[in-house]
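This note sets out some remarks on the ligand site and on the aromatic pairs.

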Amino acid sequence: MNNIDWTNLPFGYLKTNYNIRCYYKNNKWGEIEVSTSERLDIHMAATCLHYGQEAFEGLKAFRGKDNKIRLFRWRENAKRMLTSSRGILLAEVPEDLFGKAIYMAIQKNKDFVPPHGSGAALYIRPLILGVGAEVGVKASAEYLFLVFVTPVGPYFKEGFKPVDMMISRNHDRTAPQGTGNIKVGGNYAGSLLAMKEAHENGYANVLFLDPKEKKYIDECGPANFFGIKNNTYITPESPSILPSITNKSLIQLAKDLGLKVERRDIPVEELETFEEAGACGTAAVISPIKKIVDPGTDKIYTFGNGEPGPVTTKLFNNLQAIQLGDTPDKHGWVDIVD
Ligand SMILES: *Cc1c(COP(=O)(O)O)cnc(C)c1O
């Protein structure tokens, strides 16, 4: 066993014992390998390094009260990685290879799955890299599919507390017909400057608008946006946002609570009418939003009284209860990893 201070874990990288690797060469996937090294030995002309030919996923496993390890909706991540791979011409990782690799990564690092009640979870990071040497711009002939895991604490140290966000008027994270709907590293490189500017101005994160018309809400840095009003859960429909699995789950839970659900364009001015707002993703589940500032119009939109709203709180608690096994998993979202 290890001496990890589970309740004070940051959301960061902590070394575990093993990672899982599989190479694609000569048009086929090889054997799954278990590695103890944290390093990769790849060619300096690898396409992932020069041309950003890389996609990744992020999901979590939780320990229940019964001490069992619960993995949340991993097949959705497998599917999304396929979509990402098709978008930037990576080799396709079949669902069974994806599943085998993440199960092995968890099983080999069981001691790193945080105990129930610690607020921490095991974060699983599958990624696929173009590793063939190319200098001309083209898709690699060789790939590495890698899965590492790391125990993480809550994304926001302050816990489930509303945060402030700033609309980005100077930067887009993606182009109208670009790669915003797939989970590729390049999108993140493109969002770093906007995030830095938001942080420097005292905001937790940045809210991007649709890159075509700059009229509608797209998403918040690495998380989808939702608003609540009139007993309705409203979230953007846009070709340039990443289809969040957390959002998809919250939509179902909102329906379960008797809310209506709308997926549509959300004009910036509509923010004024929301009773609650939040950002959702695997890392934080939900970050409730207290205030959104628009430097384009100098408008400030505020939601509630500084505490998380009642619907946001219910959705957060209900999703977490399923992930932790504290409530029945009616939708079949959880797999037990023995
Ligand atoms: C990963 C990601 C999300 C959140 O997706 P989840 O499946 O809920 O973790 C949202 N937006 C972007 C840009 C992302 O990369």
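1. The model is predicted. In the shell around the ligand, the residues comprise five nonpolar, six polar and four charged ones. In total, 15 residues surround the ligand, with K183, Y188, S244, T246 and T282 as the closest.

2. Which elements each supply at least two residues of this shell? They include strand 12, spanning 223–229, and helix 6, spanning 245–256.

3. From the side chain of Y188, a polar atom lies 2.4 Å from a ligand oxygen. For T246, the corresponding distance from a polar side-chain atom to an oxygen atom of the ligand is 2.6 Å. At I245 a polar backbone atom is involved, 2.9 Å from an oxygen atom of the ligand. On its own the ligand has 380 Å² of accessible area, of which the protein covers 96%.

4. The structure contains 13 aromatic pairs. One of them is formed by F11 and Y123: the ring centres are 5.7 Å apart and the planes stand at 65 degrees, so the pair counts as edge-to-face, a class that requires over 60 degrees.

Note on methods:
Residues numbered from 1 in each chain as written. Predicted model: local features only at pLDDT ≥ 70, side-chain atom pairs only at ≥ 80, totals over all residues. Heavy atoms only, no water. Near = heavy atom within 4 Å. Polar contact = N/O pair within 3.5 Å; in protein donor to acceptor, adjacent residues only side chain to side chain. Areas by Shrake-Rupley, 256 points an atom, 1.4 Å probe, with all protein chains shown as cover. Helix = DSSP H or I, 4+ residues; strand = E, 2+ residues; numbered from the N terminus. Nonpolar A, V, L, I, M, F, W, Y, C, P; charged D, E, K, R; others polar. Phe/Tyr/Trp six-rings, centres within 6.5 Å; stacked < 30°, edge-to-face > 60°.
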